[in-house]
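Okay, thanks for coming, everyone. Let me put the structure up, and then we'll go through some aromatic rings and a helix pair.

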Amino acid sequence: QERDENGNYRGIGLSMWRFNIGAGSAEQGEASRIDDETRRAESFLQADGSYDWKAQAGQQWFLREAHRQGVDTFIAFSNSPPVFFTKNGIAHGDGGYSVNLRGDAYSPFAEFLGQVLIHFRDEGMPFDYLSPVNEPQYDWKSTKQEGSPWKNAEVAKIVREIDEVISREELDTKQLLAEAASWRYLYEKTDRQAHSDQIEAFFSLESPHYIGNLASVPKMLCAHSYWLTTTTQEIKNTRRLAREAADGRELALWQSEYSFINMGRVKDTAIESDWDSAQFIAKVMHYDLTLANVESWSFWTVAERLKKNRFARFYLVRIHGNHETDLKQGGRFVPAKTLWSFGHYSRFVRPGAQRVALSGIEEAGDQLLASAYLHEGSKQLVCVVNNLGESPYTLNFELGDFAGTRLEMVTTDADDSFAREEKVEGSNQIQVGPRSMMTLIWEAR
């Protein structure tokens, strides 16, 4: 969140960090049946029931660094129960849509997660949220990473077990549910009925899976923004439906994982460069914030290897290895354009900000996306603008109490990243360049 000696922003000021609680596929090596070594995860739990708190050293380094640099909120998430608790002895499914967790291992799994929370709390790095399941709608028989399916009944069962542990241990951690694989699983009865319609399943008093009365479960659900991005209209319709369903149960929504995985499922947007994908991700963010009205938005992932014939769609930081397949041979890292497009929101739309109405840009259509936010007791007004068009666009602001105040402008396009300038006089008329993003920050006197 710092600036350099010239006032330029040094980074994108993340306000939340996610930490994976591994299931032990790394210790299994090739026997894990996960092909890519970098996708295997160590486990704190050992075969003899003891704990090795030196495991996951790399992730622990990043966790401590995030704390040191002022990140506000921390989430611990589990993709799979530890391999000692799974039905098949590995950290991903092998077919079927029931959880890969033995029937006698619900309580031990909950106790394991509790021990992780206790350890990091005692280390001075408490987790605000625990996410025990991830994309429960998939069978996770793929050999690409750790993962397990979960039926709604199975989710409710483990959530109740975890709630007992959190209550007994007097932990402040809340449970983050249910990391749905797409927005549809929150509000529709899909072909996987036992895994869908999760708003009603978990928060309807008539549901056998109701968990809304548990102290560790906030009135909130989260989903991933994958797949439902084929057209702009699809993005808008699905986010509106998610918001309407959540409003029916008075629930907050979070978007807890997205990267541009579905490049082949975009029909009305040209994706030909890193900047194209960066602007598209900002477009998804805009509609998630303004139509689904999400209160949090997370990107997957921070860093990934450079892969052939792919734009920057899975990472914020690109890693160039000195060896084509083995990162342990060293290398270098380069910020991707996605880092900066994401940063126009993460750095300037801070926790506690309130989105306010922004009218008068409707005539620009879906080529100019803008949203506005008040911060710090109405002392700061922020507007994030994403111009997807090929022409510049002039915005005329009626600023009210912010008229004549100092204006800071931060711009990113295909050539520049977070280019900064200040303006006082005439700060109500701003031109946004073609195919660029701009954040405007007005500071009240």
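So, one aromatic cluster here is formed by Phe19, Phe44, Tyr51, Trp53, Phe112, Phe120 and Phe127. Quick caveat: this is a predicted model, with local features needing pLDDT of at least 70 and side-chain atom pairs counting only at pLDDT 80 or more, while totals for chains, interfaces and linings use all residues. Residues are numbered from 1 along each chain as its sequence is written, and side-chain values use heavy atoms, with hydrogens and water left out.

For pairing, rings of Phe, Tyr and Trp (its six-membered ring) need centres within 6.5 Å; planes under 30 degrees apart are stacked, over 60 edge-to-face, and the rest tilted. That rule gives 26 aromatic pairs. Take Phe44 and Trp53: the ring centres are 5.0 Å apart and the planes sit at 40 degrees, so this pair is tilted.

Now the helices, which are DSSP runs of H or I, at least four residues, numbered from the N terminus. α7 (residues 232-248) and α8 (residues 274-290) pack at about 30 degrees, axes 9 Å apart. That makes α7 roughly parallel to α8, the label for angles under 35 degrees. In contact (heavy atoms within 4.5 Å) are Thr232, Ile235, Lys236 and Arg239 of α7 with Phe280, Lys283, Val284, Tyr287 and Asp288 of α8.

Technical notes:
Axes are lines fitted to C-alpha atoms, for helices over the stretch in contact, and angles run from 0 to 180 degrees between N-to-C directions. Helices (H or I, at least four residues) and strands (E, at least two) are DSSP runs, numbered from the N terminus. Angles under 35 degrees count as roughly parallel, over 145 as roughly antiparallel, 65 to 115 as roughly perpendicular and the rest as oblique.
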